Amino acid sequence: MRPFAYERAHDAAGAVAAAQAHAADGACFLGGGTNLVDLMRLGVERPGYLIDVTRLGNDRVEQTDDGGLSIGAAVSNAELAGHYLVLRDHPLLADALLHGASGQLRNLATVGGNLLQRTRCPYFQEVTKPCNKRTPDSGCPAREGEHRNLAILGHSEACVATNPSDMAVALVALDAVVHVTGPEGERTIPMPGFHRLPGEEPQRDTLLEPAELITEVTLPPPINGARSRYRKVRERSSFAFALVSVAALLALEDGQVSEVRIALGGVAHAPWRAERAENALLGETAVEEAFASAADAELAQAQPLRDNGYKVALARNLIVQTLMELCP
């Protein structure tokens, strides 16, 4: 790990100003460091200036005036998973967080950092190999190489990496909004929409601009009568990243689907909102055949590579099983 300078910011404005002032040094914001420090040790990330943003005061979970939820960017994953408002109103989010890492990592990892964690594609983490995410236009050896765990949806010639976050999949299903502050002031970015598909710029994981800092995530009020669940398939029962995951929310009226939200993890460069499946299900009778047809409609756009076609069947079965479990 190469030497770097360190500064502890005392407010968001100071953090943004420091990031601007040290942009030439590759300034990075530092939260829990559970992903960034690992990447620095590997030589993937090489910031010359770290700005500690853990003491900015945005470390609370609070109910909003409309009955939604405000989650500070510095809230730890462990605190969020166990918060009574999350367990009461958004158990889907608690489920995803508890599936996401070991207890030790959840104690350190923050909400803002979790949203920004980078792919675990082996070519991205191996600095002796080319990778368009690390070095644009250097190539994507994963397309012809080891890609069994990589993307089947939304990928491009430039990149087939997947987003590793469990929490982000749940937030996409819950219509979360990310609040950021930067040199041009404050703005909000909805989820889905915060994370990018690779296109021709796979080095950009999100829509954040230089020196922009995540300060808060907000959730709308819970839907009356809705049930939700997060399901994850992985290669081992201990801490592992998703082969495929599903975050689903379902509300029924007289046996018909009145509200449905489905998001997939482990299948794309960004958490994948299954809008085709949702549109196919609205107003339909909540039966296994309808769920299977909706899953097929969503996955018709999949483009599996040589060795990861199994993910199409896996995602289909997981969508159907999860939705069936949400039916009374």
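This is a predicted model: local features need pLDDT of at least 70, side-chain atom pairs count only at pLDDT 80 or more; totals for chains, interfaces and linings use all residues.
**Stop 1: a salt bridge across the chain**

Side chains of opposite charge can pair when their charged atoms come close. In this model, 21 salt bridges are counted. Start by selecting Asp 175 and Arg 261, whose side chains form a salt bridge at 3.5 Å, N to O. Where do these two residues sit in the chain? Asp 175 is in the loop between α9 (166-173) and β6 (177-182), while Arg 261 belongs to strand β11 (residues 256-265). The pair therefore links distant parts of the chain, 86 residues apart.

Now colour the two by accessibility. Are they buried or exposed, or partly exposed? Asp 175 has 29% relative accessibility, so it counts as partly exposed. Arg 261 has 10%, so it counts as buried.

**Stop 2**

**Stop 2: a bridge between two helices**

Next, select Arg 316 and Asp 296. The salt bridge between their side chains spans 2.6 Å, N to O. Arg 316 lies in helix α12 (residues 310-325) and Asp 296 in helix α11 (residues 288-299), so this pair ties together parts that are 20 residues apart in sequence. Arg 316 is partly exposed at 28% relative accessible area, and Asp 296 is also partly exposed, at 37%.

**Stop 4**

Rolling a probe the size of a water molecule over the atoms shows where empty space is left. The second largest pocket holds about 350 Å³ of space. What kinds of residues make up the lining? There are 10 nonpolar, eight polar and five charged residues.

**Stop 3: Gln 117**

You will find Gln 117 in the loop between α7 (111-116) and α8 (122-125). Gln 117 is buried, since its relative accessible area is 13% and the cut-off for buried is under 20%.

Which side chains does the side chain of Gln 117 reach through polar contacts? One is that of Asn 114, at 3.2 Å. Another is that of Arg 120, at 2.8 Å. Setting aside residues up to four places away in sequence, Gln 117 touches Asn 35, Pro 164, Ser 165 and Phe 241.

**Stop 4: Ala 9**

For the last stop, select Ala 9, which is in the loop between β1 (5-8) and α1 (12-21). With a relative accessible area of 3%, Ala 9 is buried. Show its surroundings: leaving out neighbours within four places in sequence, Ala 9 is in contact with Ala 15, Ile 51, Asp 52, Arg 55 and Leu 56.

To finish, draw a distance from Ala 9 to Ala 161. From C-alpha to C-alpha, the two are 33 Å apart in space, and they are 152 residues apart in sequence.

Key
Residues are numbered from 1 along each chain as its sequence is written. Side-chain values use heavy atoms; hydrogens and water are left out. A salt bridge is a side-chain nitrogen of Lys or Arg within 4 Å of a carboxyl oxygen of Asp or Glu. Helices (H or I, at least four residues) and strands (E, at least two) are DSSP runs, numbered from the N terminus. Buried means under 20% relative accessible area, exposed over 50%, partly exposed in between (1.4 Å probe, protein chains only). On a 1 Å grid over the protein atoms alone, a cavity is a set of points where a 1.4 Å probe fits but cannot get out, and a pocket is an open set with protein on both sides within 12 Å along at least five of seven lines; lining residues have an atom within 4 Å of a point. Grid points are joined across faces, edges and corners, and a volume is the space filled by probe spheres set on the points. Ala, Val, Leu, Ile, Met, Phe, Trp, Tyr, Cys and Pro count as nonpolar, Asp, Glu, Lys and Arg as charged, and the others, Gly among them, as polar. A polar contact is a pair of N or O atoms within 3.5 Å; within protein, one must be able to donate a hydrogen and the other to accept it, and residues adjacent in sequence count only if both atoms are side-chain atoms. Contact means heavy atoms within 4.5 Å.
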